[in-house]
Amino acid sequence: KGWIFLERFASMVKVAMTPPDQAAHAAYSNSEDLHKLLMTGGGDLRSAVADGGDVLKRILKKTSDELSTKRFSTVSLDLQTGRRSVGGREAVWNLMMDMLDSLLDQWDQEQRSQRQR
C-alpha cells in the first residue's frame, strides 16, 4: 500500500501543475472516490505552492502522517539475500521530497510543459 501512496502523490503533483480548468483530465481512475481524492489533493497542493511555505509545510506534515500509516512489504530479493534494504517508508518519502524539490525549483517551467501535453 505504501508504493501506491507514492503513485497517488505523483498524480496529485501532476494535477497541481495542470491548469485548474484542465485538471480533471490530468489523472484517471475507475474509482470516482479516488479521482475526487486526486483532484482535491492536487488542488490543495497547487494552493499551498501559491500561498507559500507554511501552508505547504502543513500539507507535507499531513502527507507524512498519512504515509506513516501505510504498510510496506520486504522485497523478496532482500529476503533471499538477507540484506536490509532502505525501508519502504523512507524510500517513498525520499522520492516524494526529491520530486517535490525538483518541481518547486522548476514549477513555472513544468506547468508550461504540462499545458502542452
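Lysine 36 counts as partly exposed, at 48% relative accessibility; partly exposed lies between buried (under 20% relative accessible area) and exposed (over 50%), with a 1.4 Å probe and protein chains only. Its side chain meets that of glutamate 32 in a salt bridge (3.4 Å, N to O), a term for a side-chain nitrogen of Lys or Arg within 4 Å of a carboxyl oxygen of Asp or Glu. This is a predicted model, in which local features need pLDDT of at least 70 and side-chain atom pairs count only at pLDDT 80 or more, while totals for chains, interfaces and linings use all residues. Residues are numbered from 1 along each chain as its sequence is written, and side-chain values use heavy atoms, with hydrogens and water left out.

**Salt bridges**
- Three salt bridges are found in a search of the whole structure.
- Glutamate 32, the partner of lysine 36, is exposed, with a relative accessible area of 57%.
- Both residues, lysine 36 and glutamate 32, belong to helix α2 and are four residues apart, about one turn of the helix.
- Aspartate 65 and lysine 61 form a salt bridge through their side chains (2.8 Å, N to O).
- About one helical turn separates aspartate 65 and lysine 61, because they are four residues apart in helix α3.
- Aspartate 65 is partly exposed, at 38% relative accessibility.
- Glutamate 66, partly exposed with a relative accessible area of 37%, pairs with lysine 70, and their closest N and O atoms are 3.9 Å apart.

**Nonpolar cores**
- The largest nonpolar core has 15 residues, and those with the most contacts inside it are Leu56, Met96 and Leu100; such a core is a set of buried Ala, Val, Leu, Ile, Met, Phe, Trp, Tyr and Cys residues joined through side-chain atoms within 4.5 Å.
- At least two residues of this core come from each of α1 (2-17), α2 (32-51), α3 (53-67) and α5 (88-105).
- Helix α1 supplies the largest share, six residues.
- A second, separate core of six residues includes Ala23, Ala26, Ala27 and Leu38.
- Apart from neighbours within four places in sequence, leucine 56 is in contact with Leu45, Ala48, Leu100 and Leu104, where contact means heavy atoms within 4.5 Å.

**Overall architecture**
- The protein has six helices and zero strands; helices (H or I, at least four residues) and strands (E, at least two) are DSSP runs, numbered from the N terminus.
- Of the 117 residues in the protein, 31% are buried.
- Among contacts with a separation of 6 or more, 69% join residues 24 or more positions apart.
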